Structure formats: C-alpha cells, structure tokens
Amino acid sequence: MRLLRDLVRTPEGAIGLGILAALMLVALFAPVLSPGDPLRITGRALLPPFTDPAFPLGTDRLGRDVLAGILHGTHTSLAVGLAAALAAIAIGLCVGLTAGFAGGLVDEGLMRVVDAFQIVPSFLLALAFVSVIGASVPVVVLAIALGAWADPARLTRAQVLSIRERDYVASARVIGMHPAEIAFREILPNALPPVLALSAIIVAAAILTEAALSFLGLGDPNVVTWGSMIAEGRNILRSSPSLSIFPGIALVVTVVGVYLFSEGLTKALSSRRLEP
Amino acid sequence: MNRAIRLIRRRAISSIPVLLIVIVLTFLLLESASGDAVDAYLLSIGGGDATVAQSLRQAYGLDQSMLARLWLYFSSLVTFDLGWSVAFGRPVLDLIFERLPNTLLLMGSATALSFGFGSALGILAGAKPESIRDRVLSTGSLILYAIPSFWLGLVLSIVFAVQLRWLPTSGIETIASGKAGFARALDIAKHLVLPVGALALIYMALFLRVMRSGMAEAWALDFVLFARSKGLSRSRIVLRHVARNALLPLVTMLGLQSAAMLGGSVVIESIFAIPGFGRLAQEAVSGRDAPLLMGIIVVSAVLVICVNLLVDLVYAALDPRVGASEPNT
C-alpha cells in the first residue's frame, strides 16, 4: 500500500496508473460497451470515420465496427501482455533462484542456457514457436515468455548472489533455519524489487511482440487484436489509412501507460530504499 | 593488442557451448512440429502418393531417427553445410548469404544513425537534468519508444510514399532499372530511407534515454564534483567527464539490442518488401521450411555473438580497466 502511495506521488506513476486503470476498465467492460462479437459484420463496408454516429471510427473492408475491434482488442493486448510477463518472471525467478543457490555446475549449466536464449532474437524464436505449435492465445503467451525470461533470470541470480553474503542470511543459517526457508523468507523478498521494476518493461515488450506477431498473421485468428487490425487495414492503406492508424494509436497509448507506470515504480522503489 | 586477442579467445571459447545449446533446442522445437518438410512440399505441389513421399523422405534423410539426424546436422555444420531448403530448392547457406547483405545494410545504417543522434540528443538532455529541455526530450523519447516499429513504418509510408510521393513504398531498388555504380547506390539509398528511418527513430529514443539516465547518475559522482570545484567550464565537464562516462552503458546497450534489432528486421522487411534476412525467416515460416528456419536461427545467433564480441572490443578500448588482468578462463 505504501508503495502504491509513493507511486501515485510521482507524476509519471500517477499518469501511467491512470492510463492503465482506464484501459483495464475498457478491457473489462468491452462486452458491455459494444455487445456482441467484434468480428461480426454490422454495417456498410468502408464507412469513413467520424461520419456515422453508430460507427464513430468507421467500418473496415468487411463492414466490421472499428471501435468495437479496438475496445475488444484492449482485452487481448492487456491479457496477453500480462500473462506473458507473469510467465516470464515466474520462469526467470525459478531459474535465477536455483542457479544462485545451487552454484557450481548447476549454476554454470543454467546460465549457459540463459545465454542461449539471450543471443537468439526473441522475435525469431516466437515466430518459430508459434508456427510450429499453431496459433492460439496460450501458445502466443508461451512464445513471448520464452523470449523474455532470460533477463529476469540473470537479474534474480545476481541479486541472490549478493544477498546470500549478507549478515542477516548468515545469522538465519546460524540459528538453524532450513535452506528452503532461508531462500523463500529471507532472500526472495529482498531480491524481488529490481525484478519487479523490470517486469513493467517486460509487459510493454510483450504487448509489442504480440502485436507484431498478429500483424504477421501469427496471432489467434478467433480473437480480435490490434496487430491483426493494422494488418487488415494495410491491404487498403492508400484509400483508407485510418483503419491501420486507429489501432496503432491504441497500441502506443497502452505502451506509454506501461512505461510511465514503470518509471513511477522505479522512482517509488528507489525512494523507499533511500529512507528505510 | 595482447588484451584484445585474449578477449577474443575467451569470448570464442565461452560461445561454443552456448551455440550448441541453441542448436539442440532449436532442433528439438522444430522436431515437435506436426508434419515435416515433405508434407509441406507435397501440399504446395498439390499432393502426391505415398511412394513419392517415402523416396523424398529417404533423399532428405527424414526417415532416420531423431538422434541420427541431430548428429547428421552437427557433422555437416562443421563443414559449413546448413542443409537444403525444401521451399526454395537451394542450399540454406546460399539463401542466407544472398539475403544477409540487405539486412546488414539496413541494420548498420539504422544503428549508426540511432546511435549518433540518440547519444547527441541524450547529451543535450543530460547536460541539465530536470530542465525544460530535458523534460521535452525525455517525454518525446518515451512516446517514440512506445511506437511499434511496423506501425511507424506504415505511417511513414502513408505520409512520405503515398501522400507526398517523395519516396518509393517498397523494395530495395528499382527493378530492372539498369542502373549501375553511383546511380544504383542512390536508388538503393532512396529505397532505404523509410525502413531505416522507422528502425532508427525507435532505437534513437532508446539510446537517448540510456545516455540521459547515465549522465543524470554521473552528475552526482565525486570526480564530477571535483571537476566543478576545479572551476572547469560547464561544456568541458559535460563532454569530457559526464558524457564520456555515460557512453559506456550505451555501448553495452548496443550489444544487448543487436538480437532485438535482428528480430525487428522481420516486420520492417515484410512491410517494405525488402528481400532480406528477416523476410527470409517469414518465408521459411509460411513455407514450413524447417531446415531454412533452423539455419536462420543458428546464423542469427552467430551474428549476435559476433556483434557482442565487437562491442566487447570497443568497450575494452574505451575502458582500459576491462580485461587488463583477468585470468584466462
């Protein structure tokens, strides 16, 4: 709670939190704001934006409501971004903790795997993964997480290595605490803040990767995404560029919100560290 | 010089196990695909009977066990043979070497531009942290960095190619123009303005932010305080003391971003129809060409290793402490 108060006190954090909260509301209430399947045909095809009050942002080539697509796309973008980041952080924490604690050969082996995932372009990996397994929302989430867990793993390991040598960990060992208890009660909570600060950046990257994947036609074909809307509008870019522009703006606003939130979070965390 | 050789040797030795892991994991991933290249090929030519499929599988060695094929891949890799692309009907390595120059040109120009402008603007912003100029540049770069590169590419082509008609929309050069020498170079440059611009603008924002935050941190350090107490001029402090130290994390960032840039080239090349490495990856995916995809991932890993080695050398040149007395492990 104190962290939240510190976060709102920074201008970046306040604006970022505001944008993200608004987007969350849109994502949650999209079925209420625009009922029905956003992929169904509702009106005349290629209605220009700002002309018909029933379709404020116009319709696409097939007569689908652009505004409905953007509202429902919020849900996909946020859900995929958050889920992928959560999975990446979870994998990263597990690997980092194991490597940092076990040391020796286990550490060496795990860190080489981390290296391997860091030198392969994560977008190429996601592309290969989705094309092999088949496009669906869980597969896309996993594909993005696969390319993103290496950074949190490396950071967690570094944190564990530095915290392991602190006095309070030594004293916990002296009083006979079980190693697993030391790991989860003494080290993990203290290793978490920098990983937390990194997680917001991972969410932003995940949202952008999801958009790029669905732009290339590798997203789940049964849900509406901003990336697929941009790709759809690209076919008639010359006559109606607005079809590609609106979903892109939604994408930029979302990612800016995440970045501002992450800057606020970093500031709030560092100010907390300064005044214990 | 001795230091550089030591650095290269250490990097090369430590890269070998990592590369092996990349190859094995990619092999396992592509192995788990349902259907193989022969299925994809038969589908593309409209089907074929079982005996044809059988003989094709034998010809490509697809009827052997997984371990045998992994071993086969490794042993041919040693002779720089990356296998045979089913979709193109050509050796994978030839295809990759044919496409790679376009991508290297694209990435090289984008990196040079974004690094130059990003660090220059970062110095402007970091010279006076929290000033109006800093706030404008920081906010602008934050928004710029949030823009997906493929969308920025589309918007740029709407404005400059479709509306204003200043620049071509796609391709690497005018087809069958018969241009040569300088005229051809100019033609290629014209085609590259938009894709390079889209990539460079976004990475410029990143470099600006890294430079700016590095400088903001450096202002609080003792040697800057000392330089100020000596009464050095402000511009001298900014350039010689603050910016110079903030340049080091920027060089590190360059290495870290090389993998991301290579990945980003896939979408940019697809938008601007540039026959490059990234577009080849997309073609491999749509053609279900496992050997080609495998080769692309392996070559991109090698490329990233090379860039990182280069970055290490630059870093060592900038910071004399690096690699001076480290043991040979």
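**Exercise 1.** State how many helices and strands chain B has, and the pattern they follow.

*Solution.* Chain B has 12 helices and two strands, where helices (H or I, at least four residues) and strands (E, at least two) are DSSP runs numbered from the N terminus. Read along the sequence, the pattern is α-α-α-α-β-β-α-α-α-α-α-α-α-α. The model is predicted: local features need pLDDT of at least 70, side-chain atom pairs count only at pLDDT 80 or more, and totals for chains, interfaces and linings use all residues. Residues are numbered from 1 along each chain as its sequence is written, while chains are lettered from A and ligands numbered from 1 in the order in which they are written.

**Exercise 2.** Describe the geometry of helix H7 of chain B.

*Solution.* First, the length: H7(B), residues 149-163, has 15 residues and reaches 20 Å from its first C-alpha to its last. This is close to the expected 21 Å, which is 1.5 Å times one less than the number of residues. Next, the bend: a kink of about 30° is centred on B:Ser157, taken as the angle between axes fitted to the seven residues ending there and the seven starting there. Finally, B:Arg165 follows H7(B) with a positive phi, near 60°.

**Exercise 3.** Identify which residues of H7(B) are buried.

*Solution.* A residue is buried if 20 or more other C-beta atoms, placed from the backbone, lie within 10 Å of its own. In H7(B) the buried residues are B:Ser149, B:Phe150, B:Trp151, B:Leu152, B:Gly153, B:Leu154 and B:Ser157. For chain B, buried residues make up 36% of its 329 residues.

Conventions: Buried ≥ 20, exposed ≤ 12 C-beta atoms within 10 Å, placed from the backbone.
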